[in-house]
Amino acid sequence: RNDPCPCGSGAKYKKCCIPKDEATNVIRIGAQSFLAEEEQEEEEFEEIVPQTYDELNEFIELQPWSSEQYRTIAQQLTNHLWGRYEPLEITTILTLWTAYARDYSPVINKPDVIFATMEYMMGILTGNPSITQASVAKQYGVSSASVSNRFKDMTPSLDRLFEIMLQ
């Protein structure tokens, strides 16, 4: 309650978003919940992060989706990333997608642009220089410009996620 609000406003959570979250029965999970607990043991941390494909799907189902399309995109994104990335990395990307979908209610005409953009962000998060906008655009059959534009739209959500992870 006294931690900084995860929305990035700089205000305390109890003075900023907690009334809205309580009114809509939102329970903050993912990066915010386990990073805020400094004294939490490493073993407990591992239990919170989904480790299997089924657990990732349960994580998706627990999110407060405002649109069935956003939930479907999260499930398809998991399918695209599973087996190529670690569960924590996938959970981080799903948390980013959840925040972006919640905060901006984006219009999605081509889900492949979202998949490509999220994989590009995965490259940034994992420090993999071989994952470029051009490479993911080619992989998903979309234009590099579309990936670039969506990345610009998602940058504020990515910045907030970094702030939460660094607290």
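The model is a predicted one. The secondary structure of the chain comes to nine helices and zero strands, so that, read along the sequence, the pattern is α-α-α-α-α-α-α-α-α. The chain has 167 residues, of which 41% count as buried, and among its contacts with a separation of 6 or more, 60% are accounted for by residues 24 or more positions apart.

**Helix 4 with helix 5**

- Helix 4, which covers residues 53-62, packs against helix 5, residues 68-81, at an angle of about 160°, and the axes of the two are 10 Å apart.
- Helix 4 is roughly antiparallel to helix 5 because of that angle, given that angles over 145 degrees are counted in this way, and the crossing of this pair is right-handed.
- On the side of helix 4 the contact involves Tyr53, Leu56, Asn57, Ile60 and Glu61, which meet Arg71, Ala74, Gln75, Thr78 and Asn79 in helix 5.
- Sorted by class, the residues in the contact of helix 4 with helix 5 are four nonpolar, four polar and two charged.

**Helix 5 with helix 6**

- The axes of helix 5 and helix 6 come within 11 Å and cross at roughly 160°, and these two helices are therefore roughly antiparallel to each other.
- Helix 5 passes helix 6 in a right-handed crossing, and the contact is made by Tyr70, Ile73, Ala74, Leu77, Thr78 and Leu81 of helix 5 together with Ile90, Ile93, Leu94, Trp97 and Ala101 of helix 6.
- The residues of the contact of helix 5 with helix 6 divide into 10 nonpolar, one polar and no charged.
- Ala74 and Thr78 of helix 5 take part in the contact with helix 6, and Ala74 and Thr78 are also among the residues that helix 4 meets.

- Helix 6 is mostly covered, since 13 of its 18 residues are buried.
- At 1.5 Å a residue, the 18 residues of helix 6 should span 26 Å, and the end C-alpha atoms of helix 6 are 25 Å apart, which agrees with that expectation.
- Helix 6, residues 87-104, and helix 7, residues 111-126, pack at an angle of about 125° with their axes 10 Å apart, and the two helices are therefore oblique to each other.
- The crossing of helix 6 and helix 7 is right-handed, and in it Glu89, Ile90, Thr92, Ile93, Leu96 and Trp97 of helix 6 meet Ile114, Met118, Met121, Met122, Leu125 and Thr126 of helix 7.
- By class, the contact of helix 6 with helix 7 has nine nonpolar, two polar and one charged residues.

**Ser105 and Pro111**

- Ser105 follows helix 6 and lies in the loop between helix 6 and helix 7.
- The phi of Ser105 is near 40°, which is a positive value in a residue other than glycine, and at 43% relative accessibility Ser105 counts as partly exposed.
- Pro111 is found in helix 7 and is partly exposed, with a relative accessible area of 27%.
- Pro111 and Tyr140 are 29 residues apart in sequence, while their C-alpha atoms are 9.6 Å apart in space.

Technical notes. Residues are numbered from 1 along each chain as its sequence is written. This is a predicted model: local features need pLDDT of at least 70, side-chain atom pairs count only at pLDDT 80 or more; totals for chains, interfaces and linings use all residues. Side-chain values use heavy atoms; hydrogens and water are left out. Axes are lines fitted to C-alpha atoms, for helices over the stretch in contact, and angles run from 0 to 180 degrees between N-to-C directions. Helices (H or I, at least four residues) and strands (E, at least two) are DSSP runs, numbered from the N terminus. Angles under 35 degrees count as roughly parallel, over 145 as roughly antiparallel, 65 to 115 as roughly perpendicular and the rest as oblique. A crossing is left-handed if the near helix is turned anticlockwise from the far one by less than a right angle, and right-handed if clockwise. Contact means heavy atoms within 4.5 Å. Ala, Val, Leu, Ile, Met, Phe, Trp, Tyr, Cys and Pro count as nonpolar, Asp, Glu, Lys and Arg as charged, and the others, Gly among them, as polar. The expected span of a helix is 1.5 Å times one less than its number of residues. Buried means under 20% relative accessible area, exposed over 50%, partly exposed in between (1.4 Å probe, protein chains only).
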